[in-house]
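Reader: Please show me the structure, and then let us go through a few of its residues.

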Amino acid sequence: MTTSTTGMSEITVHPARPSPATSNAKKAGMVRKSNRPNYNHIHRNLLPIETYPLPTLIPHNPLSILAIALSYLAHVLRPPTRTTYNGYFSSATSSIHITDEATQRALWEMGFFGRGNLSRSEPTWFENQKQVGVTAEENTNKRRTERRQFKLDRAKVEQQEIAEQMIKEVLGSRKIPRSVSEELQALIQQDKVAREPEKRENGHALPPPAINIPKERPALPPGTIEGFDEWKKTLDVTGLPTPPPTSTCSESCQPGTRPKKLQRQKTVRFSPTTEAREFDLSSPITVPIKAPCKTPDEEVKVVVKLEPVIENKEHLQLSMEEAFFLAYSLGVLNISSEHDSVPFGITSLLALFRRHSYSPPRSLSVAPQPDDPFLLSYAVYHHYRSQGWVVRSGIKFGVDYLLYNRGPAFSHAEFAVIVLPSYTDDHWSGIEKEERLTKTKK
């Protein structure tokens, strides 16, 4: 709130108090941090040029005038280097292609010039290909498909509920035999049972899984050791025997008898060298010691996953109006031919763009007209760019241009522009008179 006192030039500004909902959300930690990039910092430059402001002029301080003079002389004697960008003209698309990645980012971030040929607007195809997950376009298509399927399922459920309600109203209003009523109720119940799998797929709780009860193991004959055969097979494979099982199946293992409580015994572990000197107790002849080796299960397989090398196939595509504004008005873009690296001059570039503004492009023998499509569109583009608007193509919405206040990353377009040439000038009436005279003379 701002308050001012009468007869005084003092203005007191009180900071706005946060609302209770905002303070409570901050205390509870419910305020989410935005994952969006800082567009204010990325697009801090309105045009791809660098400016060097002079020091502030203070009339009553002569030193400020001296500082301005020194700064001006420093820029005149040693002017700063100006960054220029390169592109080539494509006669197939009548546009200018920028293939350098640094140039693409610079022209997009400083003025929103051009569009990616494989993206909607900002050239982000290469970044999306490097991501592990799905891209933003795939997420959008997935959400649309899920929303469409949800609407279909909801309409189906509503129709079934309406049919059930109509059947209940018929049963309640009319006297129907008991047998027919029972048959209708049975059909409704069958329909509900048939829809149960669909409900479970849509997120309802599934029935509890069945519990497998282990079966009783068969009784072993007396005098045998449980697990002795498996231990012997492991010994033949590894050569490092472990102490064999000693629990023999006696009368306690017979069915119907209660097993005796085992007494706690001490266990002694030896080093691998000592364990390797053990002998096979099942054979009277000693077995030669085997060198310790790893089992197939213990082998470690090292799999090296090589990431595929992705080639950036996207380029920035500039319209002829955007390219001529960068080359003629700002002087930061050099445009060359597809087969030659020598840049065009401004005069030859204007003639080239005027010829290619027609479809098909006109030949060099045809004289240029004052109402060429390129001249009309560039005059409108240059006018709004010079006023600070971000001018983008509006062919998607059936217009010539879209005017943004700061850019498409911040807000929607403020205005749409349609170019309509006007032939009310005396120049055009004079041309009509000349054409009539030439026709009468013939």
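Reader: Is L73 buried, partly exposed or exposed, and what is its relative accessibility?

Author: This is a predicted model, where local features need pLDDT of at least 70, side-chain atom pairs count only at pLDDT 80 or more, and totals for chains, interfaces and linings use all residues. Residues are numbered from 1 along each chain as its sequence is written, and side-chain values use heavy atoms, without hydrogens and water. Buried means under 20% relative accessible area, exposed over 50%, and partly exposed in between (1.4 Å probe, protein chains only). L73 therefore counts as partly exposed, at 46%.

Reader: In which helix is the place of L73?

Author: Helices are DSSP runs of H or I with at least four residues, and strands are runs of E with at least two, numbered from the N terminus. The place of L73 is within residues 62-77, which form helix α3.

Reader: Is S90 buried or exposed?

Author: S90 is found in strand β3, residues 85-90. Its relative accessible area is 4%, so S90 is buried.

Reader: Which residues is S90 in contact with, leaving aside its neighbours within four places in sequence?

Author: Contact means heavy atoms within 4.5 Å. The C-alpha atoms of S90 and E338 are separated by 6.4 Å, although these residues are 248 residues apart along the chain. With those neighbours left aside, the contacts of S90 are S95, H97 and E338.

Reader: Is R144 buried, partly exposed or exposed?

Author: R144 is found in helix α6, residues 136-173. Its relative accessible area is 47%, so R144 is partly exposed.
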